[in-house]
Amino acid sequence: MSKYDFKSIEVKWQNYWEENKSFEAERNSSKKKYYLLEMFPYPSGRIHMGHVRNYGIGDAIARFMRMKGFNVLHPIGWDAFGLPAENAAIQNKSHPAQWTEDNIAAMQVQLKSLGLSYDWSREIATCRPEYYRWNQWCFLKFYEKGLVYRKKSQVNWCTSCNTVLANEQVVEGCCWRCDSEVEDRHQEGWFFKITDYADRLLEGCDRLSGKWPEQVLTMQSNWIGKSHGAEVDFKLKGKNEVVKVFTTRPDTLYGAAFMVLAPEHPLVKRLSLGTKQESVVGKFIDNVKQEDKVTRTSETGEKRGVFIGSYAVNPLTGEDIPVWTANFVLMGYGTGAIMSVPAHDQRDLDFALKYDLPVRIVIQPADRPLDESIMKVAFSANGIMVNSGSFNGLPSDVAKRKVCDYLEEKKIGKASINFRLRDWGVSRQRYWGTPIPVVQCDECGLVPVPEGQLPVLLPIDVDLGDRGQSPLKTLDKFYSTQCPLCGKSARRETDTMDTFVCSSWYFNRYTSPGSKQSAFNTKDLDYWMPVDQYIGGIEHAILHLLYARFFHLVFKDLGFAKSDEPFDRLLTQGMVIKDGAKMSKSKGNVVDPEEIIQSYGADTARLFILFAAPPSKDLEWNSQGVEGCYRFLKRVWRIFNEFLDDIKLADSIPENFEIKSKELRELRRVTHVTIGRVTDDIQIRIQFNTAISAVMEFVNHLYAFRDYWVLVKENNDEARSLVRQSFDTLILLLSPFAPHISEEMWSLLGHKKSIVQAEWPVFNKDFTKTEELLIVIQLNGKVRQRILVSSSASQEDIKRLALNDSKIKEQVKSQEIKKIIVVPGKLVNIVME
């Protein structure tokens, strides 16, 4: 028997797939397409087993769907721009371009060593001009559509990284990358008007229900944050100006006892200026800067605030109410100002009790009176209006609309819809990114670069310095140019684009990556899009996935895309956990796939990562589990070789061939039961662990079948043909998970074509019927015996066999039997006195 030499087997078939271009896809209108995509990787230089899990899941599905007859597109590329590459290059005294390309070359070798079925002919890297010129083209198309603007805004600035950070990248007042303190700045930047698509993005969440994880859809819906309510004008006492407040509860306006402004609100410092509160307010603002925004708005975080020394006027009561600033109000939602109604909002009540602020009840429940003097729990439900002037006695849900009507009539407010979502700031102040295709001309203002002049090339021969300062701002040969309109001297934009722009449309580029005249060929796009199955981590639930959906909607409006969504189905795989933490370089707990491949083979690495846990659950790294998967593959190899000489020349048999042997009929039954289980586990449930478990049980049955085989194999064509069929099936079912060993066994059985071109085995339910059934016998509902009966036995036959069983006879003895309940195919319950 030959040894399982995984090293030579895996190299052999990887070379075969590459030489024969086994996974290259072409548009074919006669075949149904299947576009399978994993979120493309950042080229960090080394992959770890967390990456293998993501790619292994995708590859198993891609191979399965190809065998099911689909025209499968399974591309790969590199999310290659961005701050991590730039910082790593600076640290290693290299250039980001060289650093990135070297890492790509190293990771190509690693991914190919896993035998992943990628169409490498479609490989892209976002840092190359042939890709990022189309980023610039997208920018121009968005600009033409009125979806791009430039404005000055408050931003989070990391002094160490020298760039703007998103709110999500600020943790406890510090940069998530370098831990340096973050400061507020006001500066110019470019924005995409994603808010114009807020409603459509929200509607899409409903369409995707059942296809995407509900957790992801909930996160996106909450991030978009649509709220119905009213925008109300509160006059500032003694001043000729108003503060606009958005509230979802206009029915509680009579109960507004104080106003709260975000510490970042421009009025806070101005209104406190010259008051006794000026110093206190200044210190409070500085203190709040140290808090991250998630903590500030969490239910469990401490709610802190100070009076700013000014008052506003409640527009319905005419009363003066104090104006405070507090850490739980953000500029990023609504207007950065809220009205506080302690009696009907728990956060406001807690704050009012803490700072001895007034509480006024304006909605009473129908079943009991509320007393504001002892109130500890706010009443936030619907009820009956009280202390609310002409609205008294109305149901509060009715009053919401009537209060809005009154505000509009008096021109002091209006019904309004508010979104938590804010426009996407795409300007970055670092070097390693896509140059923004706009010039500043003294005569013409901001002028977009004409499409014919793209790409605006990112200069490579630059000195980055040691702190990441962008050289573009001082590189005359880059920023000095001519205005496309008037021809006079102009200055290029020196900010680069957020790298999320690269990942917001890359899946479209895969459909026609070689196109030089357009970002994508519309025929290719129409054929391949949308992505049928997208796979990636849930950490991308909001930013990447939301931005990609936004881009796709814009492309649809521009006439480029036909589908409503870019990704039909989404799978978010769990993390790989080691030593109690997510596997990552920063934690120093990564397992290098190369070590596993060298010791056990790529098939073992793939098999373990798919078998150890369901795809959507976290996977605990276990070296013993790797050993177990390796032993299983050796076991498969051993049983295959034991049968090989006897079956490799066997002829095929018709599907309806009558098999005389009970043992052979059982082998055929187990074969088809396994086909059914593995097919459903991959296609319907995407549960590879149970699919692999079914294959393992199948192998166990083949081992048990050996004893019978030794007795009947001589001159038994029927047996050889059926066993050959079972081994063909075993190899096909194993191939999505362990493709190298499957290809080798397939070839040794004499198949002329690669298993990549083979068809998935067809499940026949008629063959899964068992000849004997295991029946449970209960006495008064308690299990006392199990017996085998013929599957064709009638209920009377089963009763008789149960009553005649010696163990049951002994326990029943002379007791009176009241009734016998038979559950067909499962159990007999004998009920006695």
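Reply: Let us start with strand 10, which covers residues 226-236, and strand 18, which covers residues 413-419: they pair in the antiparallel sense over 7 bridges. Two strands are said to pair if DSSP finds at least two bridges between them. The strands themselves (E, at least two residues) and the helices (H or I, at least four) are DSSP runs, numbered from the N terminus. Please keep in mind that this is a predicted model, where local features need pLDDT of at least 70, side-chain atom pairs count only at pLDDT 80 or more, and totals for chains, interfaces and linings use all residues. Residues are numbered from 1 along each chain as its sequence is written, and side-chain values use heavy atoms, with hydrogens and water left out.

Now find Lys226 in the picture. Then follow strand 10 to its pairing with strand 11 (residues 242-247), where 6 bridges link the two in the antiparallel sense. One of the residues to look for here is Glu231, whose bridge partner in strand 11 is Phe246. What do strand 10 and strand 11 form, and how many residues lie between them? They form a hairpin, with 5 residues between the two strands. In its turn, Gly238 has a positive phi of about 80°. Strand 10 also has antiparallel pairing with strand 13 (residues 305-313), through 2 bridges. There, Lys235 stands opposite Val313 of strand 13.

Strand 5 runs antiparallel to strand 9 (residues 182-192), and 11 bridges join them. Look for Arg150, which has Trp190 of strand 9 opposite. Strand 5 also runs antiparallel to strand 6 (residues 163-165), this time with 3 bridges. In that pairing, Trp157 faces Val164 of strand 6 as its opposite residue. Here too there is a hairpin: 4 residues lie between strand 5 and strand 6, and Asn162 in the turn has a positive phi of about 55°.

An open sheet of 4 strands has the order 2-1-26-27, and its pairing is parallel. Its edge strands are strand 2 (71-73) and strand 27 (567-572), each of which pairs on one side only. From one strand to the next, the twist averages 20°; for such angles, which run from 0 to 180 degrees between N-to-C directions, axes are lines fitted to C-alpha atoms, for helices over the stretch in contact. Within this sheet, strand 26 (residues 531-536) is joined to strand 27 by 5 bridges, and the two run parallel. To find the place, look for Tyr534, which stands opposite Leu570 in strand 27.

Another open sheet has 3 strands in the order 29-28-30, with mixed pairing. Strand 29 (581-582) and strand 30 (619-620) are at its edges with a single partner strand each, so one side of each is left without a neighbour in the sheet. Strand 28 (residues 576-578) runs parallel to strand 30, with 2 bridges joining them. Ile577 has Glu620 of strand 30 as its bridge partner.

The peptide bond from Met529 to Pro530 is cis, with omega near 5°. Leu454 and Pro455 are joined by a cis peptide bond too, where omega is about 5°. Pro455 belongs to the loop between strand 22 (445-448) and helix 13 (476-479). Lys93 is a residue other than glycine with a positive phi, near 55°. You will find Lys93 in the loop between helix 3 (83-91) and helix 4 (96-113).

To finish, let us turn to the side chains. How many salt bridges does a search of the whole structure find? The search finds 52 of them, a salt bridge being a side-chain nitrogen of Lys or Arg within 4 Å of a carboxyl oxygen of Asp or Glu. One of these joins Asp59 and Arg606, with the closest N and O atoms 2.6 Å apart. Asp59 lies in helix 2 (residues 49-67) and Arg606 in helix 18 (residues 602-611), so this pair ties together parts that are 547 residues apart in sequence.
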